[in-house]
Amino acid sequence: MQTMKANVFYGPNKIGIEEVPRPSAGVGEAVIRITLTTICGTDLHILRGEYPVKPGLVIGHEPVGVIEELGEGLSGYKIGDRVLVGAITPCGQCRACLSAQWAQCGDGEGIEAIGGWRFGNTINGAQAEYLLVPNAQANLAKIPDELSDEQVVLLADIASTGFSGAESANICIGDTVAVFAQGPIGLCATAGAKLIGASLIIGVEGDPVRVEMSKRMGAHVVLDPKQCDVVAEIKKLTGGGADVAIEALGLQVTFENALRCLRPGGTLSSLGVYSGKLQVPYDAFAAGLGDYKIVTTLCPGGKERMRRLMSMVRSKRFDPLPLITHSFKLDQIVEAYEVFGSRRDGCLKVAIRP
Ligand SMILES: [Zn+2]
Ligand SMILES: [Zn+2]
């Protein structure tokens, strides 16, 4: 039996590189040799035991690689093709997929909440030497020759998720947009708001490295929640309330502030992953009569989403490279989690190479 190195989740606060069986491709599947991957904030939730996955699972969901093996039933691909695979791998055939709800893919059974997120959640993930890609025909996105692995790796999740926060809010040209938290996803939401055509983008963030990057990604103003009353300041800057607020942290306080800073009829676009109970305060909600819209989005995946995002990098409309601040070998992944999790040395995203 052939084996490979992979980052295995053993239990809360316990991960490590282990030799595990190397996957082989069945019908409709492909195996890719990973050339570059990264660590997501969601992987930190898994590591800390805040998002449950089964012990023994290989984690990670942001793969760039080269096709190593193609199962039966695939067409248009050959061994050696460079590919990007989204964090979400819809089947392309089920009721959810065919209703364009890719992330809620029920894999033939119907609609399942979060069902499209399989890598490092319900099947082995990308922090490994090799990765089995399910429903490969719907999910292998060929990388144009002129784009490097580094230029596309953050499209698998971070950029797709961040942009979706702006897209789901239906931002109109000229809208004012507040983005709560400027971690990697919030930064991409800021970039998405700029791409769609917001007239004023207000970032909410206190970390100096992230404040700087927020301006680089398109924020006009960045407010430090420790230094000012963010809601009052946003209302002042927008003349009564923002058209759109994007929540990119997953806390009660940021959710609530995102709601409070809106104008009546505004849209709260929520990207954060919450735990426990989330409450909507009566007053901030105008007793349910304020025409507010609250929308949530899980990272859109599938090869067409990846193709579109790669076309944005190719045409130089979006540059994700500045967000990759650190680089590690797969063998050093425990250290990489530590640096990423503690934001040490201004860490935003790490490149992990097998
Ligand atoms: Zn993720
Ligand atoms: Zn599906």
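Is C91 buried or exposed? Select C91: at 8% relative accessibility, this cysteine counts as buried. Keep in mind throughout that the model is predicted.

**Stop 1**

Now check the geometry. For reference, the ideal angle for four tetrahedral donors is 109.5 degrees. Next, colour by accessibility. C94 has 2% relative accessibility and counts as buried, as does C91 at 8%.

**Stop 2: F163 and F318**

Move on to the aromatic pairs, of which the structure holds 4. Select F163 and F318. Their ring centres are 4.9 Å apart and their planes stand at 70 degrees, so this pair is edge-to-face. Show the secondary structure here. F163 sits in helix α5 (residues 158-168), while F318 is in the loop between α10 (303-314) and β15 (324-329); the pair therefore ties together parts that are 155 residues apart in sequence.

**Stop 3: around F318**

Leaving aside residues up to four places away in sequence, F318 touches L155, A159, F163, C188, A191, L195, M217, M312 and V313.

Now show the largest nonpolar core, which has 29 residues. F318 is among those with the most contacts inside it, along with L84, V152, L155, M310 and L323. Which helices each supply at least two residues of this core? They are α5, α6 (184-196), α7 (208-217) and α10. The largest share, 4 residues, comes from α10.

**Stop 4: F285 and Y292**

Select F285 and Y292 for another aromatic pair. This one is stacked, with 6.4 Å centre to centre and 15 degrees between the planes. Compare the accessibility of the partners. F285 is partly exposed, with a relative accessible area of 29%. Y292 is buried, with 19%; the cut-off for buried is under 20%.

**Stop 5: R22 and Y130**

Finish with R22 and Y130. Turn the view to look down on the ring of Y130. R22 lies over its face, at 4.0 Å from the ring centre.

Note on methods:
Residues numbered from 1 in each chain as written. Chains lettered and ligands numbered in written order. Predicted model: local features only at pLDDT ≥ 70, side-chain atom pairs only at ≥ 80, totals over all residues. Heavy atoms only, no water. Phe/Tyr/Trp six-rings, centres within 6.5 Å; stacked < 30°, edge-to-face > 60°. Buried < 20%, exposed > 50% of the residue type's maximum accessible area, 1.4 Å probe, protein only. Lys NZ or Arg CZ within 6 Å of the ring centre and 35° of its normal. Core = buried A, V, L, I, M, F, W, Y, C linked by side-chain atoms within 4.5 Å. Contact = heavy atoms within 4.5 Å.
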